[in-house]
Structures are given as structure tokens and as C-alpha cells.
Amino acid sequence: MKRVLQESAPTPIGDGVPGASWPIDESTVGPRNKSDGLDVDSGVSILDSIVIGAGQAGLSASYHLTRLGVSHVVLDGDAEPGGAWRHRWDALTMRDVHGVAELPGDAPPPRDEQRANIAVPAYFAAYERAHALPVIRPVRVDRVDDEDGTLIVRAGEREWRSRTLVNATGTWTHPFLPHYPGMETFLGEQLHTIDYPGPEHFLDKRVLVVGGGASAVQFLGALAPITDTLWATRREPVWRTDDFSPEAGAAAVALVEQRVAQGLPPQSVVSVTGLMLRPQEREAERLGVYERRLPMFARIEPDGVRWADGTFERIDVILWATGFRPAIGHLAPLHLRSAAGGIQLDRRGRGTAAVADPRIQLVGYGPSASTIGANRAGRSAAKGVQKALASIPSIR
Ligand code: FAD
């Protein structure tokens, strides 16, 4: 299993930064916004803004910053366009995804049989080119410091300076793995969602899928018809049988907003939307895999898992579909977190500015952690940046 965060670990685990050169190799910089007068090569000029992350949220923010004439660069940890979609498993097609919203000013990518990890990156790449967004990659930001009112964004030996920041780093690089006693003794295979190699890998293996989210439901849908599967979750799943209407979506987002308004860590989307079965999961449903859901086991043993009442199940593979956490460890030096453990956002959780420091915008975080939410948040963040810049005239 690679790159997985354990419950006790406080910081995210990201990809290493393949050694991009600095001064910038121009081939890694998207066509520049000519009006912005950037001196991105020097590393000493102060930009009006920096966007970290070039997924849906970061591209939307960059589009709106460009329209507002705000000088900025987008620093992205990946070697090529696509954000988290580049890393989704091969078996996931555009028909399987819940839906990828359009980027601002564009049409959405088609819902067809193409692989999502090809179609969305191609869509993002074309968008970056069409709008000449100033994306620099690969740049994996390690930390952001505040030095006398200037934000210093550091990636290894390189650094950028800015007056404001839009954080759009998503969650994919911060997979979450709960800790269970004995897990290091397990002789079988342990995989996280980020490692999912497709259904064929699991043939003839007894697979325990752990987690109560949409990914677990989808994995069971693919695996139950071809191999022996078990499912364990911490809580009883909440199933939706009605259509997921825009009103239901808005109500779910409002619940996450309430948490973010209080500075609590955001919940997963599924915890507020409930789970749905799609046609792709009907065969697994018919086989009864969802009905046979088990509570969480107490410990892991070399050959399987054991429940508190002594029940034992032999297992070959544990597939941890246990989700992700916001990839915000690099913001720690800015002390944005509230005592409740999350970052409180303005406008009662509906905005994108950090209450602790309105120069910092968070997009794709909490209520905007969906492609449609990320899109809207990009616009709000660009306006937030403009407002913050107006309030710091002394350093403009
Ligand atoms: P990302 O797409 O994750 O982009 C973040 C970018 O930031 C990446 O390019 C990454 O390399 C970069 N980055 C991270 N850390 C750093 C750093 N320190 N320095 C520099 N760069 C960094 N949402 C939907 O709306 N529809 C769906 O169908 C859907 N399906 C999903 C399926 C799965 C399995 C998962 C896990 C999530 C799904 N989501 C879906 C939620 C989805 O991830 C978000 O909606 C959206 O893609 C997130 O966009 P983003 O821009 O916030 O983050």
C-alpha cells in the first residue's frame, strides 16, 4: 500500500516532487497572462495571488483571477493536468462517475465510456491552454509561511511570494487509513482506494471492503459478482432511494457548511447525502452483499479479522475504502485551524475566506468539495482575493 495516512499521523503524505528546475523551465509554465507583468522566474517579486493545486477548484479560481486581472501563478504538484482525476482507477468510466461539472465558461466533459482518468485530464489540459492559465508544474508545496505580511510559498529549494493565497489542494494526496490492532501482522494484501487496481486483481481472493462511502459501494458492485466479498463499516449505512434532486444536494451542502462555519473538520459528502445504488451495483445487491454488511472488527490477525465476540473471517485482501482528508498540512505554519480542528470559513461556512486570515481562500474544501462546488468556490475565492488586496493597500 502506498502513500497512506494512518489515523495517528498528523500530516499529509504527498507525492515526492520530481525535480523541476528553478528558475522555471518555461516548458512547465502555461502561457502567461500578458497583462499580469509576472516575474515568475526571479522568485523575489511579490505576486498578488498564488493558487496551490490545479484541479477543478484551482482552475476555476485561476480563471476568475485572470478575469479580474489579478497577477498570479498556479502551482500544481502533478506532472500533468487532471488533478485527482489523473489518478482514478482505470475501470472508472465517465458513465460511472457521479458527474463532472463544467469548468467556468466551458461545456462539461461528455458522459460516455471513456476512462475518467483520461477524459478529465484531457478536458483540464485543453482548458488550461484555451484560457492561458499560468500553471507551473510539477511543484509540490511543502509549506506556506507568513513573513512580515508576505506569504512565502515553499517547495523544496524554491519559493514564491504573494499577498494572498488560494488553496485548492483537494484530498486525493491525503488518503485516510484508520488504525486497527494487529494490522501490521496481516500477511495478506492491504490496499487503499488510491491503489485500487481494478476488479481482475481480486479474482479468487477473499476480499474485505472496509468503509461506508460511495467508493466502497462501487468496489463491492464490481467485486461481488466475480469473487467472495465481505463488507464492514463503522456505522449502519444510510441508503437513499429517492432521486438526488438539486434541493437534496443543497440541503446536504448546507449541513457541511454548518460544520465549517463552526470550524469543525468537514464531514465526507456521503455522510450527509446517503448512499445510492446505481445500475452497475444491481448484481451485487441481488447477491445480498450490501445486506450482509458487518460492523467493524476488533482486530486484524495474520490470516484475517476477528470481531469482539470472537467471530473470525479468513481474508486475503483488505480494501480500505476509508476516504480522504483535506490536504492542508502545508498551511500549518499559518495557524488557520480553529480549536475544533477545522478551518472556519466566512459567510457562515458558505464563503471561501479563512476567518483566521482572510488573505487565504480555501476552495474544494468542505462544502465546495465536489466539482460543482469547486467551480462556484473558484469565483468566490477570486472575489475574496480582490477584497483582501483592497484591504492591504500598504503593501500593494
Ligand atoms: P483535486 O482534483 O484533488 O486537485 C488538487 C490538485 O492539487 C492536484 O492536482 C494535486 O496534485 C494538487 N496538490 C495537492 N497538494 C499539493 C501541494 N502541496 N502542492 C501543490 N499541489 C498540490 N466529485 C464530483 O463532483 N463528481 C464525482 O463524480 C466525484 N467522484 C469522486 C470519486 C472519488 C473516488 C473521489 C475520492 C472523489 C470524487 N469526487 C467527485 C470529489 C472530487 O474529488 C472533487 O469534486 C474534485 O475533483 C476535487 O477537485 P479539487 O480541485 O478540489 O481537487
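Which residue of β18 does Asn167 stand opposite? In this predicted model, Asn167 stands opposite Leu362 in β18, where strands, like helices, are DSSP runs numbered from the N terminus (at least two residues in state E for a strand, at least four in H or I for a helix). Because the model is predicted, local features need pLDDT of at least 70 and side-chain atom pairs count only at pLDDT 80 or more, while totals for chains, interfaces and linings use all residues. Residues are numbered from 1 along each chain as its sequence is written, and side-chain values use heavy atoms, with hydrogens and water left out.

**Strand β18 and its partners**

- Strand β18 covers residues 357-362, of which five of the six are buried, a term that means under 20% relative accessible area, with exposed meaning over 50% and partly exposed in between (1.4 Å probe, protein chains only).
- Strand β7 (residues 158-167) runs parallel to β18 and is joined to it by three bridges, pairing being counted if DSSP finds at least two bridges between two strands.
- On the antiparallel side, β17 (residues 353-354) pairs with β18 over two bridges, and Ala354 stands opposite Asp357.
- The strands β17 and β18 form a hairpin that has two residues between them.

**The largest cavity**

- The structure holds three cavities of 30 Å³ or more, a cavity being a set of points on a 1 Å grid over the protein atoms alone where a 1.4 Å probe fits but cannot get out.
- The largest cavity has a volume of about 50 Å³, volume being the space filled by probe spheres set on grid points that are joined across faces, edges and corners.
- Its lining residues, which have an atom within 4 Å of a point, include Asn167, Ile328, Val363 and Tyr365.

**Asp145 in strand β5**

- Asp145 lies in strand β5 (residues 143-147) and is buried, with a relative accessible area of 12%.
- Its side chain makes a polar contact with the side chain of Arg154 at 2.7 Å (N or O atoms within 3.5 Å; within protein, one able to donate a hydrogen and the other to accept it, and residues adjacent in sequence counting only if both atoms are side-chain atoms).

**A five-strand sheet**

- An open sheet with parallel pairing has the strand order β9-β16-β10-β11-β12, and its edge strands, β9 (189-192) and β12 (294-295), each pair on one side only.
- Strand β11 (residues 229-233) pairs with β12 in the parallel sense over two bridges, and Ala232 stands opposite Leu294 in β12.

Key
1 Å grid on protein atoms, 1.4 Å probe; cavity = no way out; pocket = protein on both sides within 12 Å on 5 of 7 lines; lining within 4 Å.
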